[in-house]
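I looked up each topic in turn.

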Amino acid sequence: MQKREWVNIDAVVTAAAEQMEPSQMIKLDTFTLWDAMAALQIMEPRMDNGMRSLPTGETKWTVSQAKSIPSFSVDEIIGISDGLVVKLLSWLSGSHLSQTLFSCVLLHDVHACKSDLLRAVLLAFLKIANKLKTLIERARIAEDDEFFGVLPFGLSLADEVADTEAIEGLQSIEDFLGNELKLIRTGSGASTQVFEKLIFPKSCDADSEKLTMIDALMARVRLLRSYLSALSYITRRNMGSAKKSLNQALAQIELGKASVGLGKDMRVAFDVTVNRKLLHDSAPRAIAECPTLEAAFTDLQTMITEMLEVVSLPSMGFGWDDTLTFVSQMGMRKVQPSVIARTILYLNLTHSGKLFGKTTYALALTQSIITAYPSCAFLFTSADGVVKKYMTEFANLVAGGVDEPQRQQEGSILERVLLVVCGFNRALARRNLAKLGRELETIQAATEAIDSALHEYLVTKGLFRGPSQVEEPYYLSSWIYELKFHILETYLHMGFELNLFSEFEYPTVLWYMDHVYEMHLGHLNRMAVVCAGDTVPVLELLWQFQQQRDLGGASPAINSSTGGPAAKKKSGHSNVKVLSMEGFVARVASAVKSRDLSESMLVVRQLIGRGLMLFSFGARKAGFLQIPSFSAYSPEISYNHRFKLFMSMGSPSVQPFSDFQTSEAAFMQLTVWELVERAIMFFSEAQTLIEFVTLMKARCVVGFESIASGTGASPAAGATSSSGKDEEEELRCLLDSCRINLAVLSKMLATAKTADAVMDWKAALPVASDKRERVFIVSPRWAITIHSHESNQR
């Protein structure tokens, strides 16, 4: 054989490239678009090209072989069912359908399966996949293209089989298995001949073992029937029946998890390359990574639990504020396995122009404003014609967006805020949040004009009812302003969540975020004064209590008549008992409102943000998070680009780059020791406030789960609560953030014996899992990382 000699053609290629225009390409006729795409490795296992060879000696059934098998034992049916659960969850995470569900060769021709029991199970999985695919296609919020379009390779999700037929088939199996259980346990009853005789493995001799095997199979059949029934009800918006079926499915998952291992290993029935073998022209794909059976059952349990939360919402009487809180928390949950719950929420959140199809957005708006500002309730009940005209103008403005065509095409601004916040694609959601922020800016300006004209008319006619006539309360535009703050703060947080900010931008973004928080709290304080007069805010009482506790004296008491503090003089005696946080919470609980807790959470985020801002400035002064030094980089251009959305708004007030430079210079004049000390102070204050909020929520708020399951308070009593688990998780993560950062900062101070000593940052910062970065946690779902090398030049 002649030896090949390789020739260097770089010079030829370079010369050819110099003569080519953009978009031109030299290629063979056989070089296709697929070849070009396959040459790119994007480090995504669901997309990158590649074929794994099967383990040596492992055989797989062909489709023809699978169709010819006359019968299956109980443990084989359990094993195939468990394998399909794994494949279903893998598909929902975005893997290709042909490598997940349809890797099971038995699904390629279900009706040819000779086992009636197995055929009913296979049809159930196809129908479940069909219903899930239909829901996802209707919502169009999932970003994976595997859910959309015509199925490849001529595959089918059993469209020809009605839901009722598949459900009735599973019910027949349950009845049959129930009768077989009775026969084994009591020896009475007649064996039915509807299905083939049950076949047990040779090792299963004792009746107790057979009973356990049948119970395991029945649990899986009931799970499939309940889940398929729930999906069928959901597509018809019958949420009450869907809730009942989902509860039944959850009960069967526990039984399924308890019987993991009873099924036979049926890898022979699953071949990830089967479609490649059937159709040789199909493009090779990376082999999908599937979870373990235990993980799949856990994910399925989480998915059904979240679906149960969503279908319970219409019966809970949620208003606008509670719904916005819930969808915000749902939007931040892990994508998988929340994709189905998020899809159902998106489809049923609003229909027929109403919230959950029950409450008009105009009524939801009225209820929210009155809840926020009780002193303005008279505006919505006034019989005066002019007042009615202004209130109708406001309702139409908010219900219809900026103009009438937009209302007809896209729905109200309230509706679109909910749909955007709970959307699947977080990057697209952030872009849409920017659009909503600009639209709210326009609505706020128009609402301020309505507020001014309305206030002038009320004062002139002597109709104004409020704590003060000197300052215009701006009730309506203040509500819009607060909604805009929610949008803007979410927009900034999602920048961290999506890793949009470079490390050197952390001080800048945290500084601007602190400004937004400060403006938001200033707005809340102004409205508290307008609505409550001289009542002392609960947060003020908390700071007084904290100060007294730090000094070792008694805490302020609560005057029941005015709500104000009755300060006690500090005692010099050592036997003075200092009130605990639990005691303080018990004392002020009756005065705390839901808005106090919301404001407290806002202050928590601001305090943690301030601590991190000082931490990041300290890191910069210590040599980390350095600004790029190359000539093309302009800090001012980068700043204006990063906060372009805020620069286009009249409120909150714009912070120009010069203001940031002034603040940065002031911070950089401090020593690292001083910056760290101040950061510790803010984290400590946040930790105290989190402790207060946690105790208050445990005392006053009814959890979502008890309401959804019907074991807790009535819907009306729990209407102010959102998902209890999400709230608990957020508080836990924020508290962990404070504790971790306090530990790190304290360790840093310990490495330097004096204020002018050098701190050992590398020793103090916790190391990330990749061993290459140092991490300090910011919030439940995003973290700041700084590289462990001393300089971060780019």
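I searched the whole structure, which is a predicted model, and found zero disulfides. I then checked cysteine 104, which is in no disulfide: the nearest cysteine sulfur belongs to cysteine 113 and is 9.3 Å away. A disulfide would require the two sulfur atoms to lie within 2.5 Å. Cysteine 104 is buried, with a relative accessible area of 0%. I looked up cysteine 422 as well and noted that it is buried, again with a relative accessible area of 0%.

I recorded 21 salt bridges in the structure. I examined several of them individually.

Glutamate 174 pairs with arginine 222, with the closest N and O atoms 3.2 Å apart. This pair links distant parts of the chain, since glutamate 174 is in helix 6 (residues 163-186) and arginine 222 is in helix 7 (residues 207-235), 48 residues apart. I noted that glutamate 174 is buried at 7% relative accessible area, whereas arginine 222 counts as partly exposed at 31%.

Glutamate 439 forms a salt bridge with arginine 416, the closest N and O atoms being 2.8 Å apart. I found glutamate 439 buried, at 8% relative accessible area, and arginine 416 buried, at 9%.

Arginine 732 and glutamate 729 meet in a salt bridge with an N to O distance of 2.8 Å. Both residues lie in helix 29 (residues 724-751), three residues apart, or about one turn of the helix. Arginine 732 counts as partly exposed at 42% relative accessibility, and glutamate 729 counts as partly exposed at 31%. I also noted one network, in which salt bridges with shared partners join Lys127, Lys131 and Asp163.

Entry 3, surface patches. Which residues form a positive surface patch? I listed Arg431, Lys435, Arg438 and Lys644. Helix 18 (residues 426-461) gives the most to this patch, with three residues. I placed lysine 435 in helix 18 and recorded it as partly exposed, with a relative accessible area of 49%.

I then turned to a nonpolar patch on the surface, formed by Val7, Ile9, Val12 and Val13, which together have about 400 Å² of accessible area. Valine 7 is in the segment before helix 1 (10-18). Is valine 7 buried or exposed? I recorded valine 7 as exposed, because its relative accessibility is 66% and the cut-off for exposed is over 50%.

How values were computed: Residues are numbered from 1 along each chain as its sequence is written. This is a predicted model: local features need pLDDT of at least 70, side-chain atom pairs count only at pLDDT 80 or more; totals for chains, interfaces and linings use all residues. Side-chain values use heavy atoms; hydrogens and water are left out. Patches are made of residues with over 30% relative accessible area and no salt bridge: like charges are joined within 9 Å, nonpolar side chains (Val, Leu, Ile, Met, Phe, Trp, Tyr) within 5 Å. Accessible areas come from the Shrake-Rupley method with a 1.4 Å probe; for residues, only the protein chains shown count as cover. A salt bridge is a side-chain nitrogen of Lys or Arg within 4 Å of a carboxyl oxygen of Asp or Glu. Lys and Arg count as positive and Asp and Glu as negative; His and the chain ends are not counted. The place of a charge is taken as NZ of Lys, CZ of Arg, CG of Asp or CD of Glu. Helices (H or I, at least four residues) and strands (E, at least two) are DSSP runs, numbered from the N terminus. Buried means under 20% relative accessible area, exposed over 50%, partly exposed in between (1.4 Å probe, protein chains only).
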